[in-house]
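Visitor: I'm new to this one. Can you walk me through it?
Guide: Gladly. Let's look at it together.

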There are 2 protein chains.
Amino acid sequence: MITEAQNKSTEAQSQERLLQRGLSLSKESFLAEVEARLRKALEGGFSAPMQEASVLLEAARHLCLEGGGKRVRPRLVGMFGEALGAPEEALADIAVAGELIHAASLLHDDVVDEGTLRRGRPTARSLWDNKVSVLSGDMVLSLAFLQVKRYPPMITERAVELVASMSRAAMMEIVACGRPEMSIEAWWGIAMGKTGALFGWCGEAVALLMNQTDAIANLRDCGLRLGVAFQMADDLKDLRGDDPKDRFADIRNRNPSFCLLTASERSPAFRQALSLAWSKERLEEPQIQQLGESVLALGIAEHTYQALCREVDLAMAALGPYLYAPGGRDIAAWGEWLCKGLRQA
Amino acid sequence: MITEAQNKSTEAQSQERLLQRGLSLSKESFLAEVEARLRKALEGGFSAPMQEASVLLEAARHLCLEGGGKRVRPRLVGMFGEALGAPEEALADIAVAGELIHAASLLHDDVVDEGTLRRGRPTARSLWDNKVSVLSGDMVLSLAFLQVKRYPPMITERAVELVASMSRAAMMEIVACGRPEMSIEAWWGIAMGKTGALFGWCGEAVALLMNQTDAIANLRDCGLRLGVAFQMADDLKDLRGDDPKDRFADIRNRNPSFCLLTASERSPAFRQALSLAWSKERLEEPQIQQLGESVLALGIAEHTYQALCREVDLAMAALGPYLYAPGGRDIAAWGEWLCKGLRQA
């Protein structure tokens, strides 16, 4: 049996290798091109007399360029694009738009969550304030739409619907906070609206770009399911303690994660204990640990892992014939990595 | 000389008459149709399991349907549309989009300004919270774009650029707060970005709808200037005390209005006095009144009135040949009313 540290390092290497592979297949230059266009979209500032409003772009750069984002959405666009043989230039614009929509949602989420840290760095709202974060989000969203204005209008239209879906899901997430009695169905709604819808848009936009209407459902549904899997992976990592310093953060932050809801569904006793804990003003650390251990004892990690793999399988099935195209194989490899990385050591 | 009360009542009658006239010319049913479509866009809620996110639509209805908005933007769209002979159905959609973009900006502005009241009613953020106001604004903006998705894509593209411009102007407004040394040029930038750009879009969208590219600049520039005039009128009303309970609110709220900046430019002594007052944590009421009286003593009310009329004249000139079309005459009448209503009694 390999140690956790070894496992992690293997995992990191495997990720690196697969991402490299994804890169080389969709031409190595692709992510660099996306990065250059992101920089260009957010560069500089406004001229006099509006110069001082340039802080909106500064805040966006802070989040989007200096924040160490993994560029999951651009990578997905690259792979979807490869599957349909899309031209790299237009693909880079779609990738930039996807990343900017993501950034805009984070700028607003930080206001909504009153977050002070993101990816280990101070949020825009804590470096500046809520005002800057709200308005910077609005501006970044506009820049996202403008990035794809040259392409079929349906791409923008679907992006607009995506934003409505993301707002709705963000609101549901707030409502769900502290409620272990939330239905698993509502969890799915949130995961699809928040992460899945944008992953799905990445696929749909590529199909619309290529005017391949028969591919829309394949790529969109693949993205949707991958987004849900991605969210499940997040929940599972918290339960497994991949970040040991902040293990069981979902319990601490009263976030009814997939794992917690499944545990609640399986065990009325756990549900009662979680309800009681969340009804209190303060959560004590030993109680958090105890609740977390109960979830593990119920076998929820394995259950979540299985659900995640199933979701990845369905994502691949959704790809249909495109699974066998070059980019499709990369998506499959990425999905496989997502599962493998989370297999219990 | 007529009393202030008489003057007000005449003003109200004159407004009523002109709006009626505008209405009858662009068919009486137009505003009712806009209202019905606004209701439809914001009606109902989401189905299970996302039902509880319906608060986003509730908040939007609270602001947009129950808030007693004057529907200035839909009226403008109606008049611009009349000038180009646009079909009422499509025009109503553009009017709804304009009103929704306005509503979305107010929902975000309330968060940005930490406002508790708007049009004498509690803001969405005080009835619910900042989160609801931010996410409702995002959703309402999406609904605005969706309202015009059937029309030439350039209409959406220009709306997206408009949102960027409005965010920039809102940021500049924050930066300008408490700064009497701001340039008049910056004031123009804010007024154009905040109010003018949306009024201008109302014109531009109608021209794009009718595919009358030669009319774009006419209608857009007319709207831009009317928006600036509208902002000047606001500043002048505050100086004249049209709302006696809250006279000199711009001084109280450290808002460098057109009147205050003009006074600062004319009189270094006033500028110094305002700077000193705004540098203090607390502003005392007698000091506010004294500063306000100084602005009046400098003849700023008359100056602002002249500037406003000039702006309206330029707006009419911008209309070019469309000034003589039916809707164009209504716009001219509306501009004339804006001036007349503010003429010193």
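Guide: Helix α5(B) passes α7(B) in a left-handed crossing. A crossing is left-handed if the near helix is turned anticlockwise from the far one by less than a right angle, and right-handed if clockwise. Note that this is a predicted model: local features need pLDDT of at least 70, side-chain atom pairs count only at pLDDT 80 or more, and totals for chains, interfaces and linings use all residues. Residues are numbered from 1 along each chain as its sequence is written, with chains lettered from A and ligands numbered from 1 in the order in which they are written.

Visitor: At what angle do α5 and α7 of chain B pack?
Guide: About 165 degrees, with their axes 8 Å apart. Axes are lines fitted to C-alpha atoms, for helices over the stretch in contact, and angles run from 0 to 180 degrees between N-to-C directions. That makes α5(B) roughly antiparallel to α7(B). Angles under 35 degrees count as roughly parallel, over 145 as roughly antiparallel, 65 to 115 as roughly perpendicular and the rest as oblique.

Visitor: Which residues meet there?
Guide: Among them are B:L100, B:A104 and B:L107 in α5(B), and B:V140, B:L141 and B:A144 in α7(B). Two residues are in contact if their C-beta atoms, placed from the backbone, lie within 7 Å. The helices themselves are DSSP runs (H or I, at least four residues; strands are E, at least two), numbered from the N terminus.

Visitor: What classes of residue make that contact?
Guide: It has 13 nonpolar, six polar and two charged residues. Ala, Val, Leu, Ile, Met, Phe, Trp, Tyr, Cys and Pro count as nonpolar, Asp, Glu, Lys and Arg as charged, and the others, Gly among them, as polar.

Visitor: Switching to chain A. How do α3 and α5 cross?
Guide: At roughly 105 degrees, with the axes of α3(A) and α5(A) coming within 10 Å. The two helices are therefore roughly perpendicular to each other. A:A60, A:L63 and A:C64 in α3(A) meet A:E99, A:A103, A:L106 and A:L107 in α5(A). By class, that contact has six nonpolar, no polar and one charged residues.

Visitor: What about domains in chain A?
Guide: Domain 1 is 23–43 + 50–151, and domain 2 is 179–345. The bounds come from an automatic or database domain assignment. The domain centres, taken over C-alpha atoms, are 23 Å apart. Their contact takes 19 residues from domain 1 and 21 residues from domain 2.

Visitor: Which element gives the largest share on the domain 1 side?
Guide: α4(A), with nine residues. That side divides into 13 nonpolar, four polar and two charged residues.
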